[in-house]
Amino acid sequence: MNKGNILVIDDQLEIRNLLSKLLTLENYNSFCAENIDDGLKIITEEDIHVIVLDVRLNEINSIEFIPIIKKKNPFVEIIILTAYGKINDGVKSIKLGAFDYITKGDDDEKIIPTIEKAMDKFRLSSKLNKLESKIRNKFKYENIIGCSTSIKENISLAKKFTDSDTTILITGETGTGKEVFAQAIHYESYRADKQFVAINCSSIPKDILESELFGYKKGAFTGAISNKKGLFEEADGGTLFLDEISEMSINLQAKLLRVLETNTFIKPGDLKETQVDVRIISATNKNLDEEIKKEMFRKDLFYRISTFILNLPPLRERKEDITILAEYFISQFSKKFNKPIFNIDPDFHIKLIMYPFPGNVRELRNVCERVVILSENGNIQSRYLPQEFFFQHDDFTMSNNTLSINDLEKKHIQEVLALTQNNKNKAADLLGIGLTTLYRKIEQYEIKQD
């Protein structure tokens with residue numbers, strides 16, 4: 001069983017042969033090179049995990065090549081072999097990114113244990129990198145689901161500000177996907193390798209929120225028995241997402257404004273300033289203009305957090321996204337609950353389109369989880385929907401109790417055409433009528449075609 005790939009770079013043949021035999025006995029796959037050029041070539045061609053590097057190669061100080069090696073393979077671990085009395089070389093190598101150093105002769109018995117520790121670190125770093133890559137890919141713009149004009153426009157606008165440090169305010173009703181957009185902005189930006197930290201300002205008592213954001217020093221108040229790092233420090237170099245920022249107290253808003261202007265703050269109980277480099281993305285489901293008029297939100301803070309504003313429309317205003325989102329969520333829950341879905345009743349989609357979704361995308365997701373759980377024999381049917389989906393809704397009847405059957409039918413056909421992006425074949429299938437009948441009704445009701 002191969003425990004890993006080790007590269008030995010040493011200009012002494014006997015040492016290369018000795019280490020190669022030793023590594024083979026320990027079930028490692030070994031590669032050898034007598035100089036840096038050959039070593040770099042092997043690193044390029046092979047998947048090397050750990051390098052054992054002699055500090056002197058034909059009078060060349062190989063320590064200077066550590067940054068070059070790391071640039072080629074950031075996760076490879078480097079162990080330096082140094083001569084007697086050359087501890088300074090070992091210390092310098094650690095500063096440049098080496099894992100450890102071993103003095104020849106004195107530490108020979110440490111070679112294999114040190115390699116094993118370096119290999120453990122390599123595996124952990126590689127695993128973390130794969131997880132981080134998976135997270136980054138999950139939150140890319142391309143994974144924001146929707147074909148509506150409004151969603152496409154918001155993605156296009158967000159991309160223009162992704163790699164700047166501009167503050168962004170995302171507005172929209174609860175459940176419209178504000179945090180999804182904030183995550184996409186972060187993970188598409190140059191800050192993606194740092195933390196994305198989110199906090200919902202409405203879910204934390206206002207007297208505790210300050211401590212959550214800024215932390216405190218031991219003894220700052222009764223109960224502060226140790227130092228606490230705040231979310232600003234956790235997000236240093238990355239992004240802090242302040243959801244429902246309108247729920248923040250006026251006093252705390254003033255402290256937040258100072259951080260935005262100076263990138264510094266003073267923790268409760270501390271005497272010195274803490275400096276941070278954090279991008280702020282805020283979100284709210286309230287009208288901040290109205291909150292400012294009621295003196296519940298600072299006008300100067302509003303201007304500071306709203307250099308760029310994204311306004312996410314409610315789901316009822318982008319009905320063409322409903323079917324796409326529903327099929328995505330059904331697919332996800334089908335995998336989660338190991339319940340393959342083979343068929344979705346057209347009436348199920350029609351009921352979704354007719355419903356106003358006051359809880360927006362979040363409500364749709366919960367509904368899809370429910371119907372997958374209730375589904376039988378791989379079929380999704382409208383009867384699995386909650387009762388409220390079978391009521392007549394104001395947004396569908398247009399709050400007009402005198403609408404005729406023809407008016408309702410016209411409205412229904414318009415909704416289905418919007419859903420299918422004017423694909424007549426799909427619309428006819430969903431409506432349960434023939435294509436000829438659909439064209440006749442479009443002409444009869446004078447339905448405009450985009």
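Modeller: Over residues 395-402, pLDDT stays under 50, and for that stretch the model has 13 contacts beyond four places in sequence. Keep in mind that this is a predicted model. Where pLDDT is low, the predicted coordinates should not be read in detail. Helix H16 has the lowest confidence in the chain, at a mean of 46, while strand S8 (residues 168-171) has the highest, at 98. As for the chain in general, its mean pLDDT is 88, and 94% of its residues reach 70 or more.

Now for the rings. You'll find 14 aromatic pairs in the structure. Take Phe 302 and Tyr 303: their ring centres sit 5.8 Å apart with the planes at 55 degrees, so this pair is tilted. Phe 302 is buried, at 13% relative accessible area, whereas Tyr 303 is exposed, at 55%.

Then look at Tyr 355 and Phe 389. Here the centres are 3.9 Å apart and the planes at 25 degrees, which means the pair counts as stacked, since the angle is under 30 degrees. Tyr 355 lies in the loop between helix H14 (346-354) and helix H15 (360-374), and Phe 389 in the loop between strand S18 (379-380) and helix H16 (394-397), so the pair ties together parts that are 34 residues apart in sequence.

One more spot to check out: Phe 139, Tyr 187, Phe 196 and Phe 241 are linked into a cluster by ring pairs.

Conventions: Residues are numbered from 1 along each chain as its sequence is written. This is a predicted model: local features need pLDDT of at least 70, side-chain atom pairs count only at pLDDT 80 or more; totals for chains, interfaces and linings use all residues. Side-chain values use heavy atoms; hydrogens and water are left out. Rings of Phe, Tyr and Trp (its six-membered ring) pair if their centres lie within 6.5 Å; planes under 30 degrees apart count as stacked, over 60 as edge-to-face and the rest as tilted. Buried means under 20% relative accessible area, exposed over 50%, partly exposed in between (1.4 Å probe, protein chains only). Helices (H or I, at least four residues) and strands (E, at least two) are DSSP runs, numbered from the N terminus. pLDDT is the predictor's confidence in each residue, from 0 to 100. Contact means heavy atoms within 4.5 Å.
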